[in-house]
Amino acid sequence: MRFGTVKYSVKQGVKNISRNRMFSIASIATMAACIFLFGIFFAIITNFNYIVEKAEEGVAIVVYFDAEATDERVEEIGEEIEKYEGVAEVKYVSAEEALDSFLSDYLEGNEELAEGFKDDNPLVDSDNYEVYLESVEQQEEVVEFVEGLEGVRKVSKSDVVAKTLENFNVLLAYISGAIILILLVVAIFLISNTVSMGITIRREEIAIMKYIGAKDSFVRAPFIIEGILIGVAGAAIPLVILYFAYGKAINAIMSKFSVLNSILDFLPVGEVYKTLLPVGLALGVGIGFIGSFFTIRKHLKA
Amino acid sequence: MIELREVTKEYSKGIAALNDVSLKIEQGEFVFVVGDSGAGKSTFIRLLMKELEPTSGKIQVMGQDLGKLSHKQVPFYRRKIGVVFQDFRLLKDRNVYENIAFALRVTETPSRVIKKKVPAALSLVGLAQKYKSFPKELSGGEQQRVAIARAIVNEPSILIADEPTGNLDPANSWEIMKLLEEANQRGTTVIVVTHNHEIVKMMNKRVITMKQGNVVSDEKKVGV
């Protein structure tokens, strides 16, 4: 296509929007609402994933050894576990550390009672490895591997936490996927309606174009540009609003529920927008293109 | 140049808008197609524009078998044909210059060529001064002259005018016919569909008369 033709098509596309102002505004507004909701879901999901990841880092399996296992063997077990794929960190906890941890967890404020255990450590066989995983999904596999190692007496794992996090993650992805899909269909339908309206208004012009030898691509171009421009505007508006609203929303959550401060850690806006910005814009352009392309194609065939 | 061989067009089964029509129009001819409403004149034009497909028969234009033209080739075929309508069909939101330039833009003509061709076409129809006017500021005759300028600016081989004087008074009608004749003298084949018997008589050209989908007469000249 010639540069002059591109310029002409863009000009006509902009003209279509202003000629068809009310419908264009309605389309942009709906599109903006869709992308706004998409942005909110996206921010929630990425933050949840981030929180889950953080939580997963804290989900460990604990490996206890046979009483006969020598220090060398214990060391070897640690090395073997560390080498296994999906293992993030292996931490050795001695029997003394295990007792200290137990005492501070359960007998805090009862120092006298705690003192009684000092010389007679009941957890003498409880030295262990705390194994941290990269993802909870790998837990089962790692446990199986560790249980098969010589010198390992017992492996404790927290199935409940791991499974709950995993299931909730999947559920959230399904729900948000379904909502986003519905919104996309609505947005495509609206853009298609707006372009249809534009085609009706310009029916005469299209007929003349075709009579004097316009190629289909020439007739289509302004409508596709119209759809894309609506898509870009409909994406840019909510993305700008969300950008500024994100920080404020997180501050509000943190100040209202200060108890969460120590548990939750939210992603900075820049981190969320690294993906949200290109995806949001691509979504806008994509919806605009699909909505207008198929509509004009249908009308040109008729 | 244009040849119809046993062309029939049925819109619904059994009712033929054109019935086994055969005719030939040579390059550089000026032909009137006359007939009452429903005679098949519009169908004839729509077939020539490849807006419709014949039910049977063969149409050949400028050496091309229209039945063999693909959808993609149709725009290029139409660029060789200029069309003028009874209701002018100008774009109301664009001025005279833009209306004529539109025909060139559609065919993706470079801007520098458009800048040369549009004033030349406007001069041919005598509207060089009114290039900035919008259609609503022009008389019917002037609007039809703009439509002719738009039809000839691509220098088509064939010019089809569908009732070009239908909305005009006698003086303007005559002006329009003179413009079409000038185009014909420059080598363009001109086909005029009309009801205006007076003009047909005065122009002294070939007249094809249609009735109920049939060609009932084809006279070279009807006399002055």
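The legends below describe close-up views of a helix pair and of a cavity in a predicted model.

Residues are numbered from 1 along each chain as its sequence is written, and chains are lettered from A in the order in which they are written. In this predicted model local features need pLDDT of at least 70, side-chain atom pairs count only at pLDDT 80 or more, and totals for chains, interfaces and linings use all residues, while side-chain values rest on heavy atoms, without hydrogens and water.

**View 1. Packing of helices α1 and α9 in chain A.** Helix α1(A), residues 3–19, packs on helix α9(A), residues 216–256, at an angle of about 55°, with 8 Å between the axes.

**View 2. Residues joining α1(A) and α9(A).** Among the residues that make the contact (heavy atoms within 4.5 Å) are Tyr8(A), Val14(A) and Ile17(A) of α1(A), together with Phe218(A), Phe223(A), Glu226(A) and Leu229(A) of α9(A). The contact residues divide into 11 nonpolar, five polar and one charged.

**View 3. The largest cavity and its lining.** On a 1 Å grid over the protein atoms alone, a cavity is a set of points where a 1.4 Å probe fits but cannot get out, and lining residues have an atom within 4 Å of a point. The largest cavity holds about 50 Å³ of space, and its lining includes Ile212(A), Arg78(B), Val83(B), Arg150(B) and Pro156(B). Strand β6(B) gives the largest share of this lining, three residues, and the lining as a whole divides into five nonpolar, two polar and three charged residues.

How values were computed
Axes are lines fitted to C-alpha atoms, for helices over the stretch in contact, and angles run from 0 to 180 degrees between N-to-C directions. Helices (H or I, at least four residues) and strands (E, at least two) are DSSP runs, numbered from the N terminus. Ala, Val, Leu, Ile, Met, Phe, Trp, Tyr, Cys and Pro count as nonpolar, Asp, Glu, Lys and Arg as charged, and the others, Gly among them, as polar. On a 1 Å grid over the protein atoms alone, a cavity is a set of points where a 1.4 Å probe fits but cannot get out, and a pocket is an open set with protein on both sides within 12 Å along at least five of seven lines; lining residues have an atom within 4 Å of a point. Grid points are joined across faces, edges and corners, and a volume is the space filled by probe spheres set on the points.
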